[in-house]
Amino acid sequence: GYGLLYPTDELLKCNGKSLEGKIVAVSGAGNVATYAIEKAWQLGAKPVTCSDSTGWIYDPDGIDVATLIEVKQVKRARLTEYAKARPNSVYHEGKGVWTVKCDVALPCATQNELLLDDAKQLVANGCFAVVEGANMPTSLEATKYLQDSGVLFCPGKASNAGGVACSCIEMGQNAGHTAFQHQAVYDQLHQIMVNIYKNSAAAAEKYYGNKNLLVQGGNIAGFEKVAAAMMEQGLV
């Protein structure tokens, strides 16, 4: 979840924008969504939604992370319990997170959860950035519509790499027989995620003349990295 917000923050900065004071819509209520919400708060944004398999919450005061953790991780309850604990919030059955007016959307729940009609609703409501936290949460049609509409879009193959990145950090920690403090992990994760964004943007600029075509840039940057490794090892 933290790893998702690092490239989101960098993407906005590189386009003359900031998370400070922005309204963020988040789907999901698991580890990615919960800690994306927490980091969004830390970066000055206000996350106002979350969801689970039965419904979703809109909290105009901003999602309270402590309450969300208590409901979903401690009690293992439905989000109806969040609404009971936060009287200003509203619980809705079914889907609907992407109908909320927001500046930034972070789909963190499941595959194909953001479809073409959802993309149209986000654009109509003024959303200017969609960054994927789940695996392939945005359909191809929705992705194209967002790109064609000028929405900043970062695909999950780049922006949700934080989990794998932390696993690599853990492997390094274990191999060195050392223990990292929290901040050391966050610092390394931040650098990794920012580099992923920059590599994707650089490839998009090089091959398409547009640094914001991050789907294409991410594909090319990933391919070039694997190809270079194979050539260095004499495999091709």
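**Helix 1 against helix 2**

On the helix 1 side I found Tyr2, Leu4, Leu5 and Tyr6, and they meet Tyr35, Ala36, Glu38, Lys39, Ala40 and Gln42 of helix 2. Contact here means heavy atoms within 4.5 Å. By class, I noted seven nonpolar residues, one polar and two charged in this contact. For the classes, Ala, Val, Leu, Ile, Met, Phe, Trp, Tyr, Cys and Pro count as nonpolar, Asp, Glu, Lys and Arg as charged, and the others, Gly among them, as polar.

Next I looked up the geometry. Two packed helices are described by the angle between their axes and the distance between the axes. The cut-offs I used: under 35 degrees is roughly parallel, over 145 roughly antiparallel, 65 to 115 roughly perpendicular, and the rest oblique. The axes are lines fitted to C-alpha atoms, for helices over the stretch in contact, with angles from 0 to 180 degrees between N-to-C directions. I also wrote down that helix 1 and helix 2 cross in a right-handed way; right-handed means the near helix is turned clockwise from the far one by less than a right angle, left-handed anticlockwise.

**Ground rules**

Residues are numbered from 1 along each chain as its sequence is written, and side-chain values use heavy atoms, with hydrogens and water left out. As the model is a prediction, local features need pLDDT of at least 70 and side-chain atom pairs count only at pLDDT 80 or more, while totals for chains, interfaces and linings use all residues.

**The whole chain**

I count 10 helices and eight strands in the protein. These are DSSP runs numbered from the N terminus, helices being H or I with at least four residues and strands E with at least two. How does the radius of gyration fit a compact globule? For 236 residues, a compact globule would come out near 18 Å, and the protein has 18 Å, so the two agree. That radius is taken over C-alpha atoms, and the globule rule is 2.2 Å times the number of residues to the power 0.38. Along its principal axes, the C-alpha trace spans about 60 × 45 × 30 Å.

I get 44% of the 236 residues as buried. Buried means under 20% relative accessible area, exposed over 50%, and partly exposed in between (1.4 Å probe, protein chains only). Of the contacts with a separation of 6 or more, 62% join residues 24 or more positions apart.

I moved on to helix 8 (residues 162-175) and helix 9 (residues 182-208), which pack at about 130° with their axes 10 Å apart. The pair is therefore oblique, and its crossing is right-handed. Gly162, Ala165, Cys166 and Ile169 of helix 8 meet Val185, Gln188, Leu189, Ile192 and Met193 of helix 9. This contact has seven nonpolar, two polar and no charged residues.

How do helix 9 and helix 10 cross? Helix 10 is residues 214-232, and the axes of helix 9 and helix 10 come within 7 Å at roughly 105°. That puts helix 9 roughly perpendicular to helix 10. From helix 9 I list Tyr197, Asn199, Ser200, Ala201, Ala203, Ala204, Tyr207 and Tyr208; from helix 10, Leu214, Gln216, Gly217, Gly218, Ile220, Ala221 and Glu224.

Most residues other than glycine have a negative phi. Met136 is not a glycine but has a positive phi of about 50°. I found Met136 in the loop between strand 7 (129-131) and helix 6 (140-148), exposed at 53% relative accessible area. His177, also not a glycine, has a positive phi of about 50°. His177 sits in the loop between helix 8 and helix 9 and is exposed at 76%.

**Two spot checks**

Asp117 lies in helix 5 (residues 116-124) and is exposed at 61%. I read 35 Å between the C-alpha atoms of Asp117 and Val74, which are 43 residues apart along the chain.

Val90 is in strand 5 (residues 90-93) and is partly exposed, at 36%. Which residues does Val90 touch, leaving out those up to four places away in sequence? I found Trp56, Ile57 and Tyr58. The C-alpha atoms of Val90 and Leu79, 11 residues apart along the chain, are separated by 10.0 Å.
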